[in-house]
Amino acid sequence: MKSRSPIDWVAERYPLGERDKSLSPVARSWFRALPVPLRPNDLCSHYPRVANRLALCWPDRALTECLFNDLLLDKRGGRKGFPSEIAAELLRLRRLSLSRPAALQSESPQDKWSQHLQAPSDR
């Protein structure tokens, strides 16, 4: 049986566009709305693409949790993961997200679907 070579996931990822290299207006607003001690400074500085996705998903706890699972769990095997300070910020944000009241959820299913399409996970 012929062995398959490992997939180069970095090469498979969507190429970074200019808008992925800096925080979007939505992400800047989301960042400012977070409690100061929980603001993900390192994440926003080093991984603006991830912060932009989080900001888009943030109004919906379930969608945000799916994104956290994609970011924090290695489903493909062999991923390096985030540096420890970034992972710590993501875990703090996850706890904050899970503690939010349900009233902060998106209002319509259309909003949820729209956000999902705007923030696809890396596959």
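The buried residues of helix α2 are covered by elements that include α3 (41-46), α4 and α6 (84-99). In this predicted model, α2 spans residues 25-33, and its buried residues are A27, W30 and F31. Viewed down the axis of α2, these buried residues fall within an arc of 100 degrees, so they line one face of the helix. The other side of α2 carries P25, R32 and A33, which are exposed.

Helix α4, one of the elements covering α2, is itself largely enclosed by the rest of the structure, because 9 of its 10 residues are buried. The buried residues are P48, R49, V50, A51, N52, R53, L54, A55 and C57. The charged residues R49 and R53 are thus listed among the buried ones.

Helix α4 (residues 48-57) also packs against helix α5 (residues 61-72): their axes come within 8 Å and cross at roughly 155 degrees. An angle over 145 degrees counts as roughly antiparallel, and α4 and α5 are therefore roughly antiparallel to each other. The crossing of α4 past α5 is right-handed. On the α4 side the contact is made by V50, R53, L54 and C57, and on the α5 side by L63, T64, L67, F68 and L71. Sorted by class, this contact has 7 nonpolar, 1 polar and 1 charged residues.

T64 lies in helix α5, and L93 is placed in helix α6.

| Residue | Helix | Relative accessible area | Residues touched |
|---|---|---|---|
| T64 | α5 | 0% | L54, C57, W58, S97 and R100 |
| L93 | α6 | 0% | W30, L34, L38, P40, L43, L54, W58 and F68 |

T64 is buried, with a relative accessible area of 0%. Its partners include L54 and C57, residues that α4 contributes to the contact with α5. T64 also touches S97 and R100.

L93 is likewise buried at a relative accessible area of 0%. Among the residues that L93 touches are W30, L43, L54 and F68. W30 is one of the buried residues of α2, while L54 and F68 take part in the contact of α4 with α5. L93 and L54 are 39 residues apart in sequence, and their C-alpha atoms are 9.5 Å apart in space.

How values were computed
Residues numbered from 1 in each chain as written. Predicted model: local features only at pLDDT ≥ 70, side-chain atom pairs only at ≥ 80, totals over all residues. Heavy atoms only, no water. Axes fitted to C-alpha atoms, helices over the stretch in contact; angles between N-to-C directions. Helix = DSSP H or I, 4+ residues; strand = E, 2+ residues; numbered from the N terminus. Parallel < 35°, antiparallel > 145°, perpendicular 65-115°, else oblique. Left-handed = near helix turned anticlockwise from the far one by under 90°. Contact = heavy atoms within 4.5 Å. Buried < 20%, exposed > 50% of the residue type's maximum accessible area, 1.4 Å probe, protein only. Arc of directions from axis to C-beta.
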